[in-house]
Amino acid sequence: MSKTLFLGDEALAQAALDAGLSGVYAYPGTPSTEITEFIQNSKQGREGQVHSIWAGNEKTAMESAIGMSYAGKRAMVCMKHVGLNVAADPFMNSSITGANGGLVVVVADDPSMHSSQDEQDSRYYGKFALIPFFEPSNQQEAYDITYHAFDYSEKYHTPVLIRLTTRLSHSRAGVERREARPQNELHIEENPKQFILLPANARVHYRTLLGKQEAFENESLNSPFNKYIDGADKKMGIIASGIAYNYLMENFENHQCPYPVLKISQYPLPSKLIAKIVDECETVLVAEEGYPFIEEQVRGILNRTGNIIGRLSGALPRDGELNPNLLAKALGMPDTYGAPVPELVVPRPPALCVGCPHIDSYLAINEAMAEHGKGKVFADIGCYTLGALPPYNAIYTTVDMGASITMAKGAADAGLRPVLAVIGDSTFTHSGMTSLLDCIYENTPVTVMILDNSTTGMTGGQDSHALGVLGEICKGLGVKEEHIHRITPLKKDHEANVKLIKEELAYEGVSVIIPTRECIQTLSRRMKKQQAAKKK
Amino acid sequence: MRYAHITRAYSIRPNRKGESHSPSINQKRRIRYAPTIKTERAYRIRPKRKKDKMKIDIILAGVGGQGILSIATIVGYAAVKRGMYMKQAEVHGMSQRGGDVQSHFRLSDHEIASDLIPMGKADMIISVEPMESLRYLPWLNPETGWLITNSKPFINIPNYPDVDKLNATLDGLKNKVVIDADKIATDLGSARSANMVILGAASPYLQLPFEEIEAAVRENFARKGEDVVNTNIACLRAGREFAEKLK
Ligand SMILES: Cc1ncc(C[n+]2csc(CCOP(=O)(O)OP(=O)(O)O)c2C)c(N)n1
Ligand code: SF4
């Protein structure tokens, strides 16, 4: 069989297709987006009619996948780490219902926060839900693990979690594929109580889940993805999980480490192997990408022996990504470094594209808000978050998707006037609609600007769920028609736009202004496609 | 599909051992559940000519939208065709909106462990923008590393450094090729092919036969027609000529 170059995300997606996937459910989020995009663009996916249309948010994605599993088919859910917070309710309860068709949840963590607001470690969710989880160390493992995860899920009737991290998601290497397996036939869950989580049923299911824990650990113990590699020098032993294993091996000629190494890619942790390395070695270094998840469990909060080192002990930094140099230092090996960065090199932060519609929205907002002083614009997550940077300095909050409207509401409840919420169209349908309903229910004095650029710009231009119907949605939720306005964020409309924003800010109730102009990136892609079509 | 051309182009064949045996069911199972490391060893790919251990670690640098990844695509194609291992970590998301972008690009005839190049060990920085080339000096091998950069600044920030000082800093480096790739590309009729000029300027240091790099450029642009192929080859050659003269 030949090898194909795949991003970690793509390797995982290809494995899911080869494992007989019937549907992927996802909301975009860096670094997980390419998984679903790969399936959307795959011939194999199209021919197999694999469902791959974007979901409204991670919670709806998770629930749809549980539904597909209930119907007996193999389903996958993909999201970035913070997406699992949104999907946490169905995710946690899916461990109680269990799976019928294979159910695999993929979460891509973003240590060092390359494009995220935190660096939370999804392994805690895996442990929290008491389900098996995996952490591939390279692209081939991303493939092999995913292929295996569906079988595992069906063998134990449990959802399975796969954790990726940015560097694996977005790094390319040669991957060898396996034979493609056909999709499952439709077969509804046979136990009528399995998916009805009435307390009486749930108590039984929960005990069943607890009963599976030993088998899960045994699987980890015998897993080909966990490996004990002996070494002659027992002064040190190393537990390395996920891609930390690669950073470790990079430091040794021919990847031969003189110390015993326990490579971990499958959880729950195999306690026998942990005991072996801790008993055999004087000191054990725990190298893991993300939080000190393994280290904390191995050393215990009392840290009685003091010979387990890692992120908690200070041998490795407590936050941020690992790399080969950090591992070298922790091992007491000489560190290497080139020349320092010359002083004249300055940061080059990302910025809104030239011609971006958000620029005109922010210019209007800044002028309308000038008389009210600072601190009264609540924003959200998307390209428009860059309005926090100069030259705009237009927004004061960005917390989680949908928070702009509800935070503005809380501030208004506290007495702050006037308050303005700024939210993107995709973020609004992701989780702004219920926030708006809260405001409508109480007739809170907030002005909400839904920046409609007809796309999910930040993550590369995926379709927006409310394309063309944002006004209708707001009206349907209960915003008064005379307080719903569409405006065009263009220089020539600037004066009129400022005037309108000022008027609505003065209104003691809910108003919605929808600046509407397409993202110039999706616009230019569309134009190019049209031109290409004309040429043909 | 965004990467369709890459994934299709880059099929690597296993060595003869892997091809001639059709694995038994047992072997299949072993391979299926074997740890990756073993699997990769079983299908160990040999370079065509046996040589000493060879590796090229490159930091690619530039500004979002300047097309640094097509350099990786082309070199990757040439290297993978020779049967080398490759890893390439790239940046997606936030940093693409006019911010700095970089990619760690590793080639070797041995299996590669880390997706990231250790600091101080890169053989080359290939940059499409002069200030960006300097940002990654900590990664460059201070003795043997080469820096190949475009001299044309891309100024999209208000505090971009003084260009004379920038040039003086580049001048002070030991192993470098500084080339006005934008001008050369424009003179050759395709301002957008500056990255091919840069690739040409880097080519003498790549340890890959120039014909193979040329073939990869042809392959990469084939879809776009003969004219585009020829301009890009001209840009590649102009860059190489420039660098050879400096030697
Ligand atoms: C819970 C969660 N899911 C996904 C993301 C990733 N993400 C950040 S912004 C964004 C979409 C923004 O789209 P939109 O609101 O339309 O604004 P635009 O970028 O188009 O301006 C996404 C998907 C996230 N930060 N949090
Ligand atoms: S991608 Fe679109 S929405 Fe994002 S900054 Fe560029 S033009 Fe604006």
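**Entry 1: ligand 1 and its contacts**

I started with A:Ser426, where a backbone N or O atom lies 3.0 Å from an oxygen atom of ligand 1. I kept in mind that this is a predicted model. Next I looked up A:His358, and found an N or O atom of its side chain 2.7 Å from an oxygen atom of the ligand. At A:Met458, a polar backbone atom is 2.9 Å from a ligand oxygen. I then checked the cover: the protein hides 97% of the 580 Å² of accessible area that ligand 1 has on its own.

**Entry 2: who makes up the shell**

I counted 25 residues around ligand 1, with A:Glu58, A:His358, A:Asp425, A:Thr427 and A:Gly457 the closest. By class I noted 9 nonpolar, 13 polar and 3 charged residues. Which element gives the most to this shell? I found that α17(A) does, with 4 residues. The elements giving two or more residues are α5 (81-86), α17 (425-431) and β17 (455-456) of chain A. I also saw that domain 1 (3-211) and domain 3 (357-522) of chain A each supply at least three residues.

**Entry 3: a look at strand β4**

Is β4(A), residues 103-109, mostly covered or mostly open? I found 7 of its 7 residues buried. A:Leu103, A:Val105, A:Val107 and A:Asp109 point one way, while A:Val104, A:Val106 and A:Ala108 point the other.

I followed the neighbours too. Strand β3 (residues 74-80) of chain A runs parallel to β4(A), joined by 6 bridges, and A:Met76 stands opposite A:Val104. Strand β6 (residues 160-165) of chain A also pairs with β4(A) in the parallel sense, over 6 bridges; there I noted A:Leu161 as the bridge partner of A:Val105.

Notes:
Residues are numbered from 1 along each chain as its sequence is written. Chains are lettered from A and ligands numbered from 1 in the order in which they are written. This is a predicted model: local features need pLDDT of at least 70, side-chain atom pairs count only at pLDDT 80 or more; totals for chains, interfaces and linings use all residues. Side-chain values use heavy atoms; hydrogens and water are left out. A residue is near a molecule or strand if one of its heavy atoms lies within 4 Å of it. A polar contact is a pair of N or O atoms within 3.5 Å; within protein, one must be able to donate a hydrogen and the other to accept it, and residues adjacent in sequence count only if both atoms are side-chain atoms. Accessible areas come from the Shrake-Rupley method with a 1.4 Å probe; for residues, only the protein chains shown count as cover. Ala, Val, Leu, Ile, Met, Phe, Trp, Tyr, Cys and Pro count as nonpolar, Asp, Glu, Lys and Arg as charged, and the others, Gly among them, as polar. Domain bounds come from an automatic or database domain assignment. Buried means under 20% relative accessible area, exposed over 50%, partly exposed in between (1.4 Å probe, protein chains only). Two strands pair if DSSP finds at least two bridges between them.
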